[in-house]
Amino acid sequence: MCQHQPPCPDANASDREAACLVAYHPEQGWGLLCNGVVIFEDTGELLPDGRVIPAHRSAYGRAA
């Protein structure tokens with residue numbers, strides 16, 4: 001899906017959250033990255049293949 005050069009990280013990469021944001025809906029608490037990953041404000045993720053990555057905030061309430 002990504003058309004950037006160099007390409008953004010793939011949805012299966014460990015650094016997938018570094019991909020570019022292509023749609024953002026702060027009123028609903030989510031955004032879409034160019035690699036197809038939906039990110040949520042609670043730090044959870046939905047991958048393009050339907051897998052769910054649970055929220056991964058640190059003990060102090062900030063993203064790890």
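**Figure 1. Cysteines without disulfides.** The structure contains zero disulfides, a disulfide being a pair of cysteine sulfur atoms within 2.5 Å. Cys8 takes part in no disulfide, and its nearest cysteine sulfur, that of Cys34, is 3.5 Å away. For Cys20, the closest cysteine sulfur belongs to Cys8 at 3.7 Å, which is too far for a bond. Cys8 is buried at 16% relative accessible area, whereas Cys20 is partly exposed at 31%; buried means under 20% relative accessible area, exposed over 50%, and partly exposed in between (1.4 Å probe, protein chains only). This is a predicted model, in which local features need pLDDT of at least 70 and side-chain atom pairs count only at pLDDT 80 or more, while totals for chains, interfaces and linings use all residues. Residues are numbered from 1 along each chain as its sequence is written, and side-chain values use heavy atoms, with hydrogens and water left out.

**Figure 2. Overall architecture of the protein.** Helices (H or I, at least four residues) and strands (E, at least two) are DSSP runs, numbered from the N terminus. Of the 64 residues in the protein, 27% are buried. The accessible surface comes to about 4500 Å², with 55% belonging to carbon and sulfur atoms; accessible areas come from the Shrake-Rupley method with a 1.4 Å probe, and for residues only the protein chains shown count as cover. Among contacts with a separation of 6 or more, 19% join residues 24 or more positions apart, where contact means heavy atoms within 4.5 Å.

**Figure 3. The largest nonpolar core.** Seven residues make up this core: Cys8, Ala11, Ala19, Leu33, Cys34, Val37 and Leu47. A nonpolar core is a set of buried Ala, Val, Leu, Ile, Met, Phe, Trp, Tyr and Cys residues joined through side-chain atoms within 4.5 Å. Apart from its neighbours within four places in sequence, Ala11 is in contact with Arg16, Asn35, Val37, Leu47 and Pro48.

**Figure 4. Salt bridge between Glu45 and Arg16.** The structure holds two salt bridges, each defined as a side-chain nitrogen of Lys or Arg within 4 Å of a carboxyl oxygen of Asp or Glu. In the pair formed by Glu45 and Arg16, the closest N and O atoms are 2.6 Å apart. Because Glu45 lies in strand β4 and Arg16 in the segment before β1 (21–25), the pair ties together parts that are 29 residues apart in sequence. Both Glu45 and Arg16 are buried.

Figure 5. The side chains of Asp49 and Arg51 form a salt bridge with an N to O distance of 2.8 Å. Asp49 is exposed, at 53% relative accessible area, and Arg51 is partly exposed, at 40%. Gly50 is located in the loop between β4 (45–46) and β5 (52–53) and is partly exposed at 47% relative accessibility.

**Figure 6. A nonpolar surface patch.** Phe40, Leu46 and Val52 form this patch and together have about 250 Å² of accessible area. Patches are made of residues with over 30% relative accessible area and no salt bridge, like charges being joined within 9 Å and nonpolar side chains (Val, Leu, Ile, Met, Phe, Trp, Tyr) within 5 Å. Val52 belongs to strand β5 and is exposed, with 59% relative accessibility.
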